[in-house]
Amino acid sequence: MQQLTQELKSGKMEILEVPFPELNSGNILVRNHFSVISSGTEGKTVSDARKGYIAKAKSRQKEVKQVIEMVKTNGLIETYNKVMNKLEAPSPLGYSCAGEVIAVGNEVKNFSVGDWVACGGNSARHADVVSVPVNLVAKVPNNVSLKHAAFTTIGAIAIQGIRQANLSLGENCLIIGMGLLGQITYKILEASGNYPIGIDISQAQVDQAIEIGLKNVYNRNHSGIEDIITNFTNGYGSDSIIITAGTSSLDPVEFAGEMARSKAKIVIVGAVPTGFSRTNYYKKELDLRMSTSYGPGRNQLNYEEKGLDYPIGYVRWTENRNMQSFVKLLETERIDVEPLITHSFSLLDAPKAYDMILENSEMFTGITIEYDTDSQVKSSIKLNDRTFNSEEANVSFIGAGSFAQGTLLPNIKGKCNLVGVSTNSGTSSKYVADKYGFKYCAAESDEIYNDQDTNTVFITTRHNLHTDSVIKALNNGKNVFVEKPLGMNEDELRNIKQAYDEAYENGQNVHLMVGFNRRFAPAIQRAIELFDEDQPKSIMIRVNAGVLPKDHWVNDPDIGGGRVIGEACHFIDLARYVGGGRIISVSAETMQDPNNLHNTVVVNLKMENGSIATINYFSNGNKNLEKEFIEIYSGGTVAQIDDFKELNIYGKKKDRVKYRGQDKGHKNEIELFLKAIREGKPTPIPFEESYESSLATCKVIESITSNKKVLL
């Protein structure tokens, strides 16, 4: 299929041939007929991408600060590589489209193949085919044009702004900014029995609005505009004011304060600054409100990704119900968006639309992209015809996000054959496939599991997908490298163990290894050499993990499993490796947290050989402190590792080993895993140890909830 993309580094726009996006559970796959370009939101994105580095930095100061902090933590080279991956990757555009359902995912109940639908959100892109969560999809009746339905998401934004204004029948409303969003807002207000009046700084925009029948629209800089608005509101001032403009000027907010009546509501829908003067807002007791995009549920993981709806008795108008509301307005012909459409482009010509927007070479309002629905679209993309020796490591990837691109793939390239890649995003799959030389990029992960060329699968998806991915790969006789965690609970671990055991019983000598990379760090390897293998060890690991937003996917119990499951497992495995004995008991204490996240914990491990370990995993520290600090005590010797950059040895004499940069063992881990496949050697981390460390991690949660020591 084809998709419109731009490179954030240069702003270059391309129509790329990419695979279908993954059809996840709770999603539907839609063949687009039309999509709408948001000249405000998308225009700014494209404009920023076309700026030079200095101008980019000025417009993205928050991101610049994040990069500076990343340099302090990860070093210049690793940070540079991560930033370049982000800037060079093709970035999709678009968030409002309409088309026909061509497939439905698991747990989808209210949609069927052949339905007409309007789609919104971050997956409703300018592409032949999109995969969209059900709460961001609204059915479109057959009497509504899909071209008109493509405006649904923008219509939902307008509706949410109106709802925030809390207007009653017969009240008036001043709209500041009469672009596409402002004009749709005007039309909906008229259809709802309210009296809108609009202003804009562009005379061309004013003339266009009047030409399509919006009578009360004026130039903001018109002499006497204040009197016009005052007369329109019978001398009282506006009941509500909706700001749909996008500008860095304070004028919209200031002017709203001047034109509002006492106790009026001012709603900000567009991107404008809010550093207004106090006088009018104080004297009139004005109510300034923000409108969140399409409505309640926007950017909420539970609502958008998990498909959990808000009960209508408690949240009458969610973003999905706002979308349905706009479609209803189209169906009943209460509003007509056809006069708003000034331009229409084919997908191949879509880059010209953005040139027109940025150059402002023509008057424009509604801009649609039309798709060739008669053409055949390919779900997967083959990039070359290479063949592979089955005795070599022939690797495919399921998932290829920032960690895979920044850490795994650079260390893998040149050490194996790269066969296929499958990710949620078709653009991401294509970028990774091109950059690292994969043979093909797949639309679905099943293509990789069933691929005869692939004998090894790297799984780097979100945590909740690990178990099913590992089991499918094992059932198809593949070697598996899975990033932590192996599983999110004991049931998942048991299922993986069963699949692994069955593979061996069936004569498949497969490797299954978890990405517990710290075992392979040079500092750890050197430290272990200092101690007698048979002597028990005392181990202290301190992790300054830092704060993670409570709504981050890792903290979600169903998707990420929490930070103990998602990251602390690294240090449990490291302690088990250094201690050299089977873990026999786990006890843990957690600091009370208002969100009950268990993100600051103390874990104590006891091993069969007498070794003991304490892991202090703290999220309440300061990022200026190095993240990881390890001390190993045994036989009168102490090894102290400072963030994998330095090893201090305290024995008969003191010694210090400094490493060039931070090395947490990823390179060694991957080389040894691939070597084991090529040469038929044992897995670098025996499955039994990966399973044991993962099980002990689950027991940490059990210890916290039961408030007692847990035996393994």
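**Salt bridges, buried helices and local contacts**

Lys306 and Asp556 form a salt bridge in which the closest N and O atoms are 2.7 Å apart. Lys306 belongs to the loop between helix H12 (301–304) and helix H13 (319–331), and Asp556 to the loop between strand E24 (538–544) and helix H21 (563–579), so the pair ties together parts that are 250 residues apart in sequence. Lys306 is partly exposed, at a relative accessible area of 26%, whereas Asp556 is buried, at 10%. The model is a predicted one, and a search of the whole structure identifies 40 salt bridges.

Another of these interactions joins Arg519 to Asp573, with a distance of 2.8 Å between the closest N and O atoms. Since Arg519 is placed in the loop between E23 and helix H20 (522–528) and Asp573 in helix H21, this pair ties together parts that are 54 residues apart in sequence. Both partners fall under the 20% limit for burial: the relative accessible area is 3% for Arg519 and 1% for Asp573. A further salt bridge connects Asp453 with Lys439, the closest N and O atoms being 3.2 Å apart. Asp453 is located in the loop between helix H17 (445–449) and strand E21 (456–459), and Lys439 in the loop between helix H16 (426–436) and strand E20 (440–441); the pair therefore ties together parts that are 14 residues apart in sequence. Asp453 is partly exposed, with a relative accessible area of 27%, while Lys439 counts as buried at 12%.

Salt bridges also link Glu490, Asp491, Arg494, Lys699 and Glu702 in a network. Buried positions in H19 are Glu492, Leu493, Ile496, Ala499, Tyr500 and Ala503. Because these residues cover an arc of only 125° around the axis, they lie on the same side of H19. In general, an α-helix has 3.6 residues a turn, so residues three or four places apart point the same way. The elements covering the buried residues of H19 include helix H18 (466–475), strand E23 (512–514) and helix H23 (687–706). At the start of H19, a side-chain oxygen of Asn489 comes to within 3.2 Å of the backbone nitrogen of Asp491. Just after the helix, Gly507 adopts a positive phi of about 85°.

Helix H10 (residues 251–259) is largely enclosed by the rest of the structure, because seven of its nine residues are buried. These are Pro252, Val253, Glu254, Phe255, Ala256, Gly257 and Met259. Packing against the buried residues of H10 involves strands E9 (172–176), E10 (195–200), E12 (238–243) and E13 (260–268), together with helices H9 (225–232) and H11 (278–283).

Glu631, in strand E28 (residues 628–634), is buried yet has no salt bridge; Arg542, the nearest side chain of opposite charge, is 8.9 Å away. The side chain of Glu631 instead makes a polar contact of 2.9 Å with the side chain of Gln640. Beyond residues up to four places away in sequence, Glu631 touches Ser538, Ile539, Met540, Ala639 and Gln640.

Lys675 is situated in helix H22 (residues 666–679) and is partly exposed, with a relative accessible area of 32%. Lys675 and Ala393 are 282 residues apart in sequence, with a C-alpha to C-alpha distance of 8.3 Å. Not counting residues up to four places away in sequence, Lys675 touches Gly680 and Lys681.

Methods
Residues numbered from 1 in each chain as written. Predicted model: local features only at pLDDT ≥ 70, side-chain atom pairs only at ≥ 80, totals over all residues. Heavy atoms only, no water. Buried < 20%, exposed > 50% of the residue type's maximum accessible area, 1.4 Å probe, protein only. Helix = DSSP H or I, 4+ residues; strand = E, 2+ residues; numbered from the N terminus. Arc of directions from axis to C-beta. Contact = heavy atoms within 4.5 Å. Polar contact = N/O pair within 3.5 Å; in protein donor to acceptor, adjacent residues only side chain to side chain. Lys, Arg positive; Asp, Glu negative; His and termini not counted. Salt bridge = Lys/Arg side-chain N within 4 Å of Asp/Glu carboxyl O.
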